[in-house]
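Hi everyone, thanks for coming. Let me put a structure on the screen and walk you through a few of its features.

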Amino acid sequence: APQWMNERHSAPALNATAKFVATPEGTALAYGSLVFMALLPIFFGALRSVTCSKSKNASDMPETITGRDAARFPIIASCTLFGLYLFFKVFSQEYINLLLSVYFFGLGVLALSHTMSPLMSRIFPDSFPNKQYQLLFTQGSGEAKEEIVNYEFDTKNLVCLLISSVVGVWYLLKKHWIANNLFGLAFALNGVELLHLNNVSTGCILLGGLFVYDVFWVFGTNVMVTVAKSFEAPIKLVFPQDLLERGLEASNFAMLGLGDIVIPGIFIALLLRFDVSLKKNSRTYFYSSFLAYIFGLGLTIFVMHTFKHAQPALLYLVPACIGFPVLVALIKGELTEMFSYESSEEVLPGSPRLTSFPTVSGSPASLASSMDAVSMATGSSSSPRRRRLQPTPHM
């Protein structure tokens with residue numbers, strides 16, 4: 001069967017026993033839907049990152065990515081990717097994916113619950129009996145008592161958690177593409193919202209390093225593709241090209257990795273916070289980078305469709321997402337202001353620094369580790385620092 005891959009780390013189509021040729025309508029619908037789904041977490045995640053950066057609650061601070069983190073990131077991501085490659089070569093793929101399914105079930109439920117919280121807060125009427133709860137787990141006694149877990153949540157959060165759990169069970173049992181996409185969108189939105197670059201230079205280092213990483217592992221080796229075909233987890237968005245023929249039971253998918261959403265997304269979110277810091281009541285840099293992302297993703301699909309070969313999306317996204325805003329800054333004479341802007345100035349001095357950099361690159365290998373960051377964001381970390389299961393982010 002022809003196997004369309006929207007990214008270099010996509011899995012093959014599931015209907016391997018019967019040949020399927022995608023119709024032009026089905027292909028256009030699949031690619032258009034993927035682009036639309038990719039834009040959602042970037043747009044709303046960037047908006048929520050502004051609120052996140054202005055939070056006055058120490059437990060609601062984002063994780064800050066520094067230049068040092070960005071510089072070492074491609075090395076960590078490469079080690080993670082190659083480690084998973086060896087892991088799949090040595091151990092049974094079936095048992096590894098079973099373990100991954102359970103792992104991502106827990107993370108997905110928490111991430112989706114966190115994503116839904118602001119919407120639920122608007123849906124529920126003011127008369128809704130919203131009781132407050134606290135889950136506290138301590139160690140020791142007296143002055144030596146230490147908090148291990150301290151969750152504060154309310155009834156609305158419990159409703160979100162219940163709905164997310166239903167989606168999680170659906171994914172765990174059926175692995176349906178809609179359930180996969182709900183988790184994938186939640187992971188991507190949490191990543192864009194809660195992972196903050198400290199300045200534009202750091203963003204350029206991060207995207208530049210991943211540009212090299214992506215090109216090397218896609219065109220230089222078969223490691224990325226091998227891991228992708230073995231890795232079953234909601235770390236990609238999928239949309240069937242045979243939806244028009246087979247409906248919801250369609251199984252010939254075009255795919256887009258979450259790393260190609262989150263990595264450019266956190267840079268676009270940084271530019272939105274820069275727009276806000278200028279206090280000019282405009283969003284020039286945000287919109288220019290957002291349009292650049294659309295252009296880069298469209299170019300990726302065009303090249304892939306033309307040459308019938310999976311493409312490293314960051315090869316096209318990185319130059320577009322960096323080049324367009326820099327060109328706008330040059331035209332407006334604000335290049336110095338852009339590169340001198342420090343996002344960390346928008347938050348409290350005690351904002352936590354990212355000490356264990358989550359590998360959120362475009363590969364499924366590195367994205368597996370990135371979900372640890374999302375788990376911190378959704379309150380699943382065992383850190384003694386107080387966390388709230390609330391609409392506001394909490395990393």
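Let's start with a pair of side chains: arginine 48 and glutamate 193 form a salt bridge, with their closest N and O atoms 3.2 Å apart. By salt bridge I mean a side-chain nitrogen of Lys or Arg within 4 Å of a carboxyl oxygen of Asp or Glu. This pair links distant parts of the chain, 145 residues apart: arginine 48 sits in helix α1 (residues 24-53) and glutamate 193 in helix α5 (residues 177-194). Helices here are DSSP runs (H or I, at least four residues), numbered from the N terminus. Both arginine 48 and glutamate 193 are buried, where buried means under 20% relative accessible area, exposed means over 50%, and partly exposed lies in between (1.4 Å probe, protein chains only).

Before I go on, a word on the source: this is a predicted model, where local features need pLDDT of at least 70, side-chain atom pairs count only at pLDDT 80 or more, and totals for chains, interfaces and linings use all residues. Residues are numbered from 1 along each chain as its sequence is written, and side-chain values use heavy atoms, leaving out hydrogens and water.

How many salt bridges does the structure hold? There are five. One of them joins aspartate 242 to arginine 246, at 3.8 Å from N to O. Aspartate 242 is buried, at 0% relative accessible area, while arginine 246 is partly exposed at 44%. Another pairs lysine 332 with glutamate 334, the closest N and O atoms being 3.9 Å apart. Here lysine 332 is partly exposed, at 37% relative accessibility, and glutamate 334 is buried, at 6%. Those two also belong to a network of salt bridges with Lys280.

Now over to the helices. Which residues of helix α7 (residues 223-230) are buried? They are Val223, Met224, Val227, Ala228 and Ser230. Looking down the axis of α7, these buried residues fall within an arc of 170 degrees, so they line one face of the helix; the arc is that of the directions from the helix axis to the C-beta atoms.

Last stop: helix α3 (residues 93-123) and helix α4 (residues 155-174), whose axes come within 8 Å and cross at roughly 140 degrees. The axes are lines fitted to C-alpha atoms over the stretch in contact, with angles running from 0 to 180 degrees between N-to-C directions. α3 and α4 are therefore oblique to each other; angles under 35 degrees count as roughly parallel, over 145 as roughly antiparallel, 65 to 115 as roughly perpendicular, and the rest as oblique.

Terms used: Helix = DSSP H or I, 4+ residues; strand = E, 2+ residues; numbered from the N terminus.
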